[in-house]
Amino acid sequence: MNLLARTRALLDQAVAATADQRLIQARRRLDEPLRVAIAGKLKAGKSTLLNALIGEELAPTDAGECTRIVTWYADGPSYAVTSYLRDGTGEARPFARHDGAVRIDLGRPAEQVDRLEVRVPSARLRRHTLIDTPGIESLSADVSARTHTFVNDHGQADAVIYLLRHLHGGDVRFLEAFHGGGGGGTSVNAVGVLSRADEIGGCRLDAMTAAERVADRYTTDERLRRLCPVVVPVAGLLGAAGATLREGEFRLLAQVAARPMDDIVELLLTADRFAAGSEQRRRLLTRVGLFGVRLSTRLIREGVVTDAAGLAAALTERSGITRLREVLSAHLEGRAEVLKARSALATLDERLPPGSPLAAGAEEIRAGAHEFVELRLLHELRSGRLTLADDRRAEMDRLLGGSGGGARERLGLPEDGDVGEAARAAQAKWQRLAEHPLSNRDLRTAARAVTRTAEGILAGQNQQG
Amino acid sequence: MLARLSAAGRIATGAGRADLAERLRHAATRLEQGGDVAVAVVGEFKQGKSTLINALLRTDLCPVDADIVTALPTILRFGRPPSAALIADHETPIEFGDVAKHITGDSGQEARAVEIRIDRRLLGAGLAVVDTPGVGGLDSAQGNLTLATLTTAGAALFVTDAAQELTAPEVEFLRRTVERCPRTFLVLTKTDLHVEWRRIAELNQGHLRRLGLDLPVVPVSSFLRMRAQARDDTALNAESGFPRLVDLLRTEVIDTAAADRLAAARDELAFVAAQLRERLDAEAAAALDPQVTAGYAERSRRSAALQHGTWQVVLQDGIQDLAADVDHDLRERLRLLIRQGEELLAESDPRQTWQDFQAWAAREAARAAADNLMLLVTRAEQLAAEVAERFGMEAHDLSATLPALPMSAGKARPIELTFGKSGMAQFLGAFTAARVAYGGFYLLGAVGALFSVAWAAPLGLLAGVTLGRRLVKAEKERQVQQRRAQAGQELRRYVDEVGFHVGRDSRESVRRTQRLLRDEFATRARELARSAQAAEAAVREVAALGEQERQHRAAALHEQRRRIDRLAS
């Protein structure tokens, strides 16, 4: 029986025994997609990133602070909005779509609303539910408090995508709280995003390269690595525009690109100049940003793209959103089962008295499942609690599934590498370490776990063979 | 004003009062040269502070990069020929090529600031621009050091970019900025990149209103300004928004400072004029009534005692109180720091949290030092006011024994004019926060030095082999305890060191304050005494003259007094 099945069975028992509302919810949650919260300081570009990830203009965005209520975007048969109130009741709310963005008529003061749920038919949302949160460090303290409570106190999210513009002390505090709350912190369910990457270094055309550099530095920062091991630079605006670019917008850009070079330089000098005197251009600017306009103009002018579809693809490619999707699928979705099980078991711990047979069952799953062992080791490794030489640490991180749960990713193999051979080699190597008399106890325990991982890969190979 | 000062100086020399002439010369020098008004550029990191300064001063000396940040405060002053220096315990000249390396902290050299002297009109007009490390990052001890800088700055530019409205931490920092430096402007940078910057400016203005802060918001684009400079394009420069900023700096900062200096010079002139007039008044009084001699003699006797008057007592007691309070405040803050630090340590294993903990300790220590400096400055200003008040009262009492001068109005300028409100301001004009905290900005440099700890190696291999599982667990716990104890010791040592450096610097400041106030008022007391003696001598001389000559003399004096009055008005 796999991990998720065992957790399900245990929760079924618990629900039958207690009929606790929270447990029923937790049980239901096991069958739903992974819940990923998008968090960050205000105006970090959370809603924009959400739109880019879904590939549809859904969450409203604005120059000022915009998202004030935690909003869930989940897959559903048709568009629908439900508003959940503080007292736990839910009511369907009417909504209008303004330029695609869902504008919800709350019908009551925002304070009474606990969260909103937007159902959207979307294949992407079938893989994970995305949760848009209000910005932390907002001047309206209650808005920030909502995010903190939601993500950190209630354990509502299985994972978090954290948006940084630059690394502030407040970001680290938030991530620390995320790891501290929600039942046993690990660094395995947080993915960092260096957002608004297009604006780094003054929207010049090399912005994404500069952003890459900054992100690299964050990735190697010891304090941050402990909290979220990867930081991906993403230009959310570009990604959202790439997914939703319209023919009219392309024509507008093509017109600009067709002008003489000197004209273009003057026009693209500042956002103000580009927007001056044309409502259409102003709209375009809020949609793709100054960097997007500059980049598109250059691409069209140089003949790299010739139509709207081509430009959309080019924008998406440069936005870094594809890379983020890859990272998400490796780091979060690949681990969805264990993350979901973890959340469910945490709820179980919270609702049941310690020492009861059911709680003991939870403990048993946690102690026995190799997935949990891997998760725990990975966390210890990254937090520096387990000290290893650098190259060995990188290998161990990878084998434990730090860069993706697939066999090739774990073994660090190219497409054509021989998985069986590599797995056998890894198994032998770590087995030796586990048995070496000079290894200390922590290392031996860890090495044994890694050996087991390698054995698991081998077993999987044999089954396929 | 300079002409009037020198004219008054000639009269004083003519009257045999070299001391008063000296005072006027000093006033003239201060008026002419002034000191640079420091404008601190502050804000969170990556908001474009260094770029703003580069654009403002048409230079590229402040390093700008998408990733690297300013690590050392950089002071830009007027200087010809251009030069740069690294300021640590003493100044070391450095090459311009190395400036960036030092500012970003890559040179590996311990320093407190970088000073750059360049030839720019704005700087020549009496401005010193200070680029500060951004606050809000992981190592935000910087923020507190920046706050300390603000205590001595004449104005501050609070920089935030147009990408978003103000955040809660920014507003908190802004509040503390305005507390220390009331003349603060909010500069909204990067308006070229964000089409909605007008909205952001409005939103920010709204936030400021709600906070009850009335600061001008100046939107600028450094990029346009630099481009305008490269092409000599006035229209583009106007578009950049910088003309308004320069204008604000000129009118609100430089001109206000100049006006302050002028007012101080005028006060000095009034003081001297009153001293000079005193003798003339006395002669005039004696010419009318030879009986006043006794009154003047009494006054002269008493004025000699002014040097050791009760203001000395106020100063002595005040300084002692101040020193004790400042010292106690620092101790209290540091004690609190240790207590909080120990609480933090008790919650964690120092081996994992050490880096964060170091950053925390540095930040809190810097905050303690900055707040302590703030206390020192405000208390010193209070004390100066008290001493000035007492001195004024005593000086006023001197004349109490004098008979009311039976003269027509306008001629009998009562002496209290000098010691009225304007007199208080006059003493205090020379006594500004900047002088108390002279070097206060560097005061905190020493706090930067941090500790590194070599942790005991994790459970050794021997233990791994021989100890049983339970023993290993106990051993691990013991090691965590040991690390906590070690970290606690390190913390106390560090705080001790901070206390030593900050305490030494603040005691130095207290001594400087005392000396400054004592010298200032003792000099004035001497001058008053000399005036009183001169008046007494004059009165005696006039009293000895015949009736006819007295009348004659009175007429001659009249003209002299008119001249002095004209100068001092």
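Buried residues account for 46% of the 569 residues in chain B. The model is a predicted one, and in chain A the pLDDT averages 85, with 96% of the residues scoring at least 70.

**Chain A: confidence and domains**
- The domain assignment of chain A gives domain 1 as residues 34-235, domain 2 as residues 245-319 and domain 3 as residues 342-464.
- Taken over C-alpha atoms, the centres of domain 1 and domain 3 of chain A are separated by 30 Å.

**Chain B: overall fold**
- Chain B has 21 helices and nine strands as its secondary structure.
- Among the contacts in chain B between residues at least 6 apart in sequence, 82% join residues that are at least 24 apart.

**Where the chains meet**
- In the contact between the two chains, 37 residues of chain B meet 44 residues of chain A.
- On the side of chain B that touches chain A, at least two residues each are supplied by α7 (168-180), α8 (197-211), α9 (222-231), α14 (350-398) and α19 (461-466) of chain B, and α8(B) gives the most, with four residues.
- By residue class, this side of chain B divides into 19 nonpolar, 11 polar and seven charged residues.

**Nonpolar cores**
- The largest nonpolar core has 125 residues, of which A:Val36, A:Tyr162, A:Val193 and A:Leu194 touch the most other members.
- Helix α13 of chain A, residues 279-301, gives the most to this core, with eight residues.
- Apart from this core lies another, of 123 residues, with B:Ala168, B:Met226, B:Ala257 and B:Leu345 among them.
- Not counting residues up to four places away in sequence, A:Tyr162 touches A:Ala39, A:Gly40, A:Asp171, A:Leu175, A:Ala190, A:Gly192, A:Val193 and A:Cys228.

**Helix α3 of chain A**
- Helix α3 of chain A, residues 46-54, is mostly covered, with eight of its nine residues buried.
- The buried residues of α3(A) are A:Lys46, A:Ser47, A:Thr48, A:Leu49, A:Leu50, A:Asn51, A:Ala52 and A:Leu53.
- After α3(A) comes A:Gly55, whose phi is positive, near 80°.

- A:Leu345 is found in helix α16 of chain A, which covers residues 336-351.
- A:Leu345 counts as buried because 24 other C-beta atoms lie within 10 Å, where the cut-off for a buried residue is 20 or more.
- Leaving aside neighbours within four places in sequence, A:Leu345 is in contact with A:Thr7, A:Ala362, A:Ile365 and A:Arg366.
- A:Leu345 and A:Ala359 are 14 residues apart along the chain, and their C-alpha atoms are separated by 8.7 Å.

**Helix α9 of chain B**
- The helix α9(B), which also supplies residues to the side of chain B that touches chain A, has B:Ser222, B:Phe223, B:Leu224, B:Arg225, B:Met226 and B:Ala228 buried.
- The elements of chain B that cover these buried residues of α9(B) include α3 (49-57), β8 (184-189), α10 (234-240) and α11 (242-288).
- B:Asp232 follows α9(B) and has a positive phi, near 60°.

Definitions and conventions: Residues are numbered from 1 along each chain as its sequence is written. Chains are lettered from A and ligands numbered from 1 in the order in which they are written. This is a predicted model: local features need pLDDT of at least 70, side-chain atom pairs count only at pLDDT 80 or more; totals for chains, interfaces and linings use all residues. Two residues are in contact if their C-beta atoms, placed from the backbone, lie within 7 Å. Ala, Val, Leu, Ile, Met, Phe, Trp, Tyr, Cys and Pro count as nonpolar, Asp, Glu, Lys and Arg as charged, and the others, Gly among them, as polar. Domain bounds come from an automatic or database domain assignment. pLDDT is the predictor's confidence in each residue, from 0 to 100. A nonpolar core is a set of buried Ala, Val, Leu, Ile, Met, Phe, Trp, Tyr and Cys residues joined through C-beta atoms within 7 Å. A residue is buried if 20 or more other C-beta atoms lie within 10 Å of its own, exposed if 12 or fewer, and partly exposed in between; C-beta atoms are placed from the backbone.
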